Structures are given as C-alpha cells and as structure tokens.
Amino acid sequence: MRVMPITCFRPTAERAGDFSAPPYDVFDDAQARAYVAEHPDSFMAIDRPETAFGPEQDPYAPEVYQHALELLRERVQDQTLLREESECLFVYRMSVDGHDQTGILAAVAVDDYLEGAALRHEQVREEKVADRKRHMETVGAQTSPSLLIYPDDPTIDMLVGLACSATPLYDFTDEDGVRHTVWRLAREAAVEALCATFGQVPRSYVADGHHRAAASARICQEAREAGKSAGASESFLAILYPASAMRVLAYNRVVSDAAGMSEDELVEAIRAAGVEVGPAQKEAFEPAEEGTVSMYAFGSWRALRFLDVPAADDDPTAALDVSLLQRRVLAPVLGIEDPTADKRIRFVSGAEGTQALERLAGTEGVAFFMYPTSVEALMRVSDAGLLMPPKSTWFAPKPRSGLFLRKI
C-alpha cells in the first residue's frame, strides 16, 4: 500500500467538536435538514449544501455546490479552519461503550484503489459518485475520509501506540456519546516509519466511503486522460484501521407492504423458499447467530433460519445472510427485485434497534433485523473479487467529517 502524509485545513481545537459532523450519507434529506437546523455552523451545512434551499431545489444544481464553496470560504475567513502547512499523519481514535478503535488518517494512492490494493466490497451508484465528484471539484478539496481496514500488523500497532503517548490535538465527545481523540504526527522519522511499514501491507479493504473513494479516483483519471497533472488527486483521503478493531452492526431492511399477502400467506411463501419460520411472538428480539434473521410483520416477531446454506469457501457472497434474504425472500416473495432502486424498501442501521423497525414497518410493512456481516466475510468476498449486496455492513462508530479538508 502507498500511504502518504497530508497537508490540510482543519478546525481549531476549540471548534473541532461543534464544527465537525457525522458523515454526509448517514442522513436522509429530512434528517440532514434537521441536523443543519440544529447545528447551522457545522460542516454538515457544507457537506449537504442542499439543506440551505427549499425541498423543490435540484440538489445537484451548480448553485448548490457553489453554496458549499461559499460556506467553506467563510469558515476559513473566520478562522474556524486553519491551514496545516506541515505534511502530517494523524492518529484517530474513537471510543464508545467500552469499544476503542485507533487508526491512521492519511492519503492513499488512487492507483491502489484502481489496481486492487484497496479492495471494495460494494457496488457504487453513479448518481452518488457524480455528486461527491462535483462537490470535491467545486470546493476544491477532499472533505471526508473513506474508511479502510487492513490486516493487523504488530509494527503498525507499536508505532501508533507511541504516537498516542503525546498530548492530543483534539479530544471531544459528540452528540452520540462517541469520544474522538486525534494526535498530530509530524516528526519526519515517525511519518517515514509508518508509511514504510504500510508499504509492506499487501492490501486494504474499503469498508465505508465507497462513493468518496470512487469520486476521487474519477477526478484523477479524468485529469490523466486530459494530459494534465492530477496533483493531490493522485491520492484520496482515508482513515486506516486494523481489522480486529472494527465493530460492525446489522444493516436492517424494511419493506413498506407485504405484497398483498395475509400473515399466513407470507409465512407459507417464506417457508416454500427454503427458510424455516418460527412461531409468532410479541416480544422483539435480535437474531442470535449467523444464518438467522428476526422478522417483524402483522404486529409479531418471528425467527427465520436459512436452510441449505452454500459453503462460504465455495461462494462467499451467496453464503451471506443479506444475499440469502434477497434471493429467497425479498425478490421472490415480496417482489423487491432491485433493492438499490425499489422505493418500497429502506435500509436501517442496527444501532436504531427493534423499536425503530416496528415503527417503520407499522401495520402493513415487513421488517428484517439482520445478524451483522463479519469483517472476515467482507475480506473473504473482496479477496475473491466479488461484491456484496448493497447495504450489507454498517460500521460504527463512524469518523467525523470536517476535521480534515485536503486541498486538491
């Protein structure tokens, strides 16, 4: 892997907590508008500039991206954002509920992404890549890091541990109770040692931020094709975490209706598709192990268990619970042929719990609480050159956006 230090704009220590924001893509339109209304000076207003316009506004219009640039300039002028002139790496730790994960924020070569040293596991959607590309080009910066994981390396662990012995640059707790601690690593010998050690890591995996990485790669490719220097766009902003540090939550599904079936008809259709269906119960519960799903429909919860599951070694994608649910239930039973485009399905983080699924399903919908896809499964799929179904993983906690803005 080719990992490099960066220069950037970053908020002052006093403003880091209230200026930084959750990643742009964790919110739908209404949630983003509500967040900006409550945090008008936060980075979310720059990352989701359409929130400054009415709901009838085309969110992809040039004036929307131009508004993001104007806000960014204001934050530089009022010194919310300061220029970090030295080439640095940053150590970024997130802590919540007894879980800690510590990684390195750096630039990663676009060629690693293009040539398979930074493997992806999820198909990207063209409109989302185009949106992030226009955003980066208009504001002239990579504003949110992708999240990459790499196989554990004891030498990297040691070097990162040494960096954490210094006084942190940032240390704050966000509105969700996640503590974010960042150390600035500028000593040349330490930076070179970490970059050289990452150079011995054969590959990493894009865990989150697929569209940001793809947009950065496209900017680089277009510059090359035009015979221009891609400059800083030869690499993209990323935070790299060791695989063992990652925490994956379920990514659940809610379908707005039962495709015209009664409760008995739904249960029988699912059974006929090769799924064992347990008895109805009123008390909510989460699935206890891989190969099982908790289903909520018609006011009751039922345990689903997939039968005749293919071996992961034979087909790592087909063996995933999210794949089995799609092939055996969502498509043939509920008619969700394309989950990326069908308006009847929505995806919900497991962090929101069973009550959220009951509320969203209501009296007519069907909700599925998934068992979390493991990091090992993600790596197995990526190593095989395959892709997971959309919304297979929800990594938590998530790094804040707006802490590091890298000019391109």
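Biologist: Which residues of α6 and α9 meet each other?

Modeller: On the α6 side they are E126, K128, V129, R132, K133, M136 and E137, and on the α9 side H211, R212, A214, A215, S216, R218, I219 and E222. Meeting here is a contact, that is, heavy atoms within 4.5 Å. One caution before we go on: this is a predicted model, where local features need pLDDT of at least 70 and side-chain atom pairs count only at pLDDT 80 or more, while totals for chains, interfaces and linings use all residues. Residues are numbered from 1 along each chain as its sequence is written, and side-chain values use heavy atoms, with hydrogens and water left out.

Biologist: How do you know what span to expect for α6?

Modeller: The expected span is 1.5 Å times one less than the number of residues. From first C-alpha to last, α6 reaches 20 Å, close to the 20 Å expected. Just after the helix, G140 takes a positive phi of about 70 degrees.

Biologist: How are two packed helices described?

Modeller: By the angle between their axes and the distance between those axes. The axes are lines fitted to C-alpha atoms, for helices over the stretch in contact, and the angles run from 0 to 180 degrees between N-to-C directions. For α6 and α9 the axes come within 8 Å and cross at roughly 65 degrees.

Biologist: And why are α4 and α6 called oblique to each other?

Modeller: Their axes come within 9 Å and cross at roughly 45 degrees. Under 35 degrees would count as roughly parallel, over 145 as roughly antiparallel, and 65 to 115 as roughly perpendicular, with the rest oblique. The pair is therefore oblique. In this pair, Y65, Q66, A68, L69 and L72 of α4 meet D131, R134, H135, T138 and V139 of α6.

Biologist: Why is H135 called buried?

Modeller: H135 lies in helix α6 and has a relative accessible area of 1%. Buried means under 20%, exposed over 50%, and partly exposed in between, with a 1.4 Å probe and protein chains only; H135 therefore counts as buried. Leaving out residues up to four places away in sequence, H135 touches I46, D47, P49, Y65, A68 and T143. Other buried residues of α6 include V129, A130 and M136. Among the elements that the buried residues of α6 pack against are α3 (44–47) and β6 (141–142).

Biologist: Is Q79 buried or exposed, and how do you know?

Modeller: Exposed, because its relative accessibility is 56%. Q79 sits in the loop between α4 and β3, and its phi is near 65 degrees, positive in a residue other than glycine.

Biologist: Which residues does Q101 touch?

Modeller: A396 and P397 are among them, along with Y92 and Y241. Q101 is in strand β4 and is buried, given a relative accessible area of 1%.

Biologist: Why is the pairing of Q101 and H99 called a polar contact?

Modeller: A polar contact is a pair of N or O atoms within 3.5 Å; within protein, one must be able to donate a hydrogen and the other to accept it, and residues adjacent in sequence count only if both atoms are side-chain atoms. The side chains of Q101 and H99 make such a contact at 2.8 Å. Likewise, a polar side-chain atom of N252 lies 2.7 Å from the backbone nitrogen of M370, and N252 counts as buried at 0% relative accessibility.

Notes: Helices (H or I, at least four residues) and strands (E, at least two) are DSSP runs, numbered from the N terminus.
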